[in-house]
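Subject: Structure handover

Hello,

Here is the structure for you to look over. My notes on the packing follow below it.

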Amino acid sequence: MNSSDVKVLSRLGRSVWVNSEDWERSTLEVVTAVSLLDLPEERAAERAAGLLLGRARRAEVSDATPDERDLWMSPFYRLPVDQRLILAALHGAGWSYLRLSRILGISIEEVERLAWNARIQLTLPAVFPAALGKMGASCPEYDPSRPWTQRFLDDEIASKRDLLFIQSHLMTCDSCQRTLEKSRGAYYEAEKRVPSGQEGDSLAQSLDQILVRNPMRTRTLAEEFFVGFRAFLKRRDIRWVVILSVLAFSYWWFQKR
Ligand SMILES: [Zn+2]
């Protein structure tokens, strides 16, 4: 696992635990355990995020320390744990809906619904984005539980064609422009309430040192490739194919001269 993944995981850990002892212990255990699994890098980060979430779902909520009480009462920590992780991953790490759907074991649409619900919860009553202008026949379909405006702001419009359609539509449709502005208001209002998790960075640094010292740490994709390739060449049948090809090539080359 590389340093930036460790940093993200430590921030995600912070979003699921308010008690800093629980957070440090669980993040340390999960990151160390996953780094022993020898998974390719992207899968390792996902697996670790899934384990962090699983533990937080099962955990007894420990009491917040007096300094953490304000944090505990903040709107963000009143959200269900899955929704906290989703927002922390979207705003803090730019993870995709697809990746989150794999981590949570739900569909992409469900990720969108949970994200939108969490954002609305965080922004109530500051900006309520549900009131919309009139929708024309050519307007993109607006599903209030998972609006296209959120996909647009998360940079998750599925195809280039859809994105071009929306961009050109926005130039001519006032009502969609207003809808997008309202959603944008909610989006950034929610973002302000998602903890940046920067305090997690010192934990990430110590985790990183532990992982560097650990000879079993997860291989990068390039290392994974070479290990796989070496194993492939070691196969007896493959070795024969290689030897015969070298012989055939040398024969051809000498003939040519
Ligand atoms: Zn429109």
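A word on terms before the findings: two residues count as in contact if their C-beta atoms, placed from the backbone, lie within 7 Å. Please keep in mind that this is a predicted model.

Helix 2 against helix 3

Start with helix 2 (residues 20-35) and helix 3 (residues 41-58). On the helix 2 side, the contact is made by Ser26, Thr27, Val30, Val31, Val34 and Ser35. They meet Ala44, Arg47, Ala48, Leu51, Leu52 and Arg55 of helix 3. By class, that contact has 7 nonpolar, 3 polar and 2 charged residues. The two axes come within 9 Å and cross at roughly 140 degrees. The crossing of helix 2 with helix 3 is right-handed.

The core

The largest nonpolar core has 44 residues. Which residues have the most contacts inside it? They are Leu9, Leu12, Ala48, Leu52 and Ile86. Among the elements that give two or more residues to this core are helix 1 (3-16), helix 5 (81-93) and helix 10 (174-193). Helix 3 gives the most, with 7 residues. Take Leu12 as an example. Beyond its neighbours within four places in sequence, Leu12 is in contact with Ala49, Leu52, Leu85, Ala88 and Ala89.

Helix 9

Is helix 9 largely buried or in the open? Of its 13 residues, the number buried is 0, so helix 9 lies largely in the open. At 1.5 Å a residue, helix 9 (residues 160-172) should span 18 Å, and its end C-alpha atoms are 19 Å apart, which agrees.

Best wishes

Technical notes
Residues numbered from 1 in each chain as written. Predicted model: local features only at pLDDT ≥ 70, side-chain atom pairs only at ≥ 80, totals over all residues. Axes fitted to C-alpha atoms, helices over the stretch in contact; angles between N-to-C directions. Helix = DSSP H or I, 4+ residues; strand = E, 2+ residues; numbered from the N terminus. Left-handed = near helix turned anticlockwise from the far one by under 90°. Nonpolar A, V, L, I, M, F, W, Y, C, P; charged D, E, K, R; others polar. Core = buried A, V, L, I, M, F, W, Y, C linked by C-beta atoms within 7 Å. Buried ≥ 20, exposed ≤ 12 C-beta atoms within 10 Å, placed from the backbone. Expected span 1.5 Å × (residues − 1).
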